[in-house]
Amino acid sequence: MLTLASDIEVLARFGRALADPIRCRILIALRRAPAHPAELAESLGISRSRLSNHLACLRDCGLVVAVPVGRRTRYELADERLGRALDDLRGTVLAVAADRTCVEADHEGCCG
């Protein structure tokens, strides 16, 4: 069983990874299929150096792994359960957003 401090650390790490739209796009792309950095950079329309920085963050957060393939490196989600978790989180956020009863003007500064 996790302690409260461990729970917070895990959620904060996941939140840090999702805090940037490019990292979200990388995770979504890797959810579909593992990819090499050149392919990812091209499909996301960003530079290889920028991609490298985001991949380093995602590796540090424990969400992606680098897999050597000959002389190249392929990136993939660290665990297939992460893909399901991303799907579940997205579905939950969309469901909650659809059920919102608050008036937007009353919640300026909210996330959505």
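Ala56 is partly exposed, with a relative accessible area of 23%, where partly exposed lies between buried (under 20%) and exposed (over 50%), for a 1.4 Å probe and protein chains only. The structure is a predicted model, in which local features need pLDDT of at least 70 and side-chain atom pairs count only at pLDDT 80 or more, while totals for chains, interfaces and linings use all residues. Residues are numbered from 1 along each chain as its sequence is written, and side-chain values use heavy atoms, with hydrogens and water left out. Ala56 belongs to helix α4, helices being DSSP runs (H or I) of at least four residues and strands (E) of at least two, numbered from the N terminus. The C-alpha atoms of Ala56 and Ala66, which lie 10 residues apart along the chain, are separated by 9.8 Å.

The largest nonpolar core has 23 residues, of which Ile26, Leu30, Leu51 and Leu63 touch the most other members; such a core is a set of buried Ala, Val, Leu, Ile, Met, Phe, Trp, Tyr and Cys residues joined through side-chain atoms within 4.5 Å. Its largest share, 5 residues, is supplied by α2. Apart from neighbours within four places in sequence, Leu51 is in contact (heavy atoms within 4.5 Å) with Ile26, Pro37, Leu40, Ala41, Leu44 and Ile46.

The axes of α2 and α3, as lines fitted to C-alpha atoms over the stretch in contact, with angles from 0 to 180 degrees between N-to-C directions, come within 11 Å and cross at roughly 120°. Arg25, Ile26, Ala29 and Leu30 of α2 make this contact with Leu40, Ser43 and Leu44 of α3.
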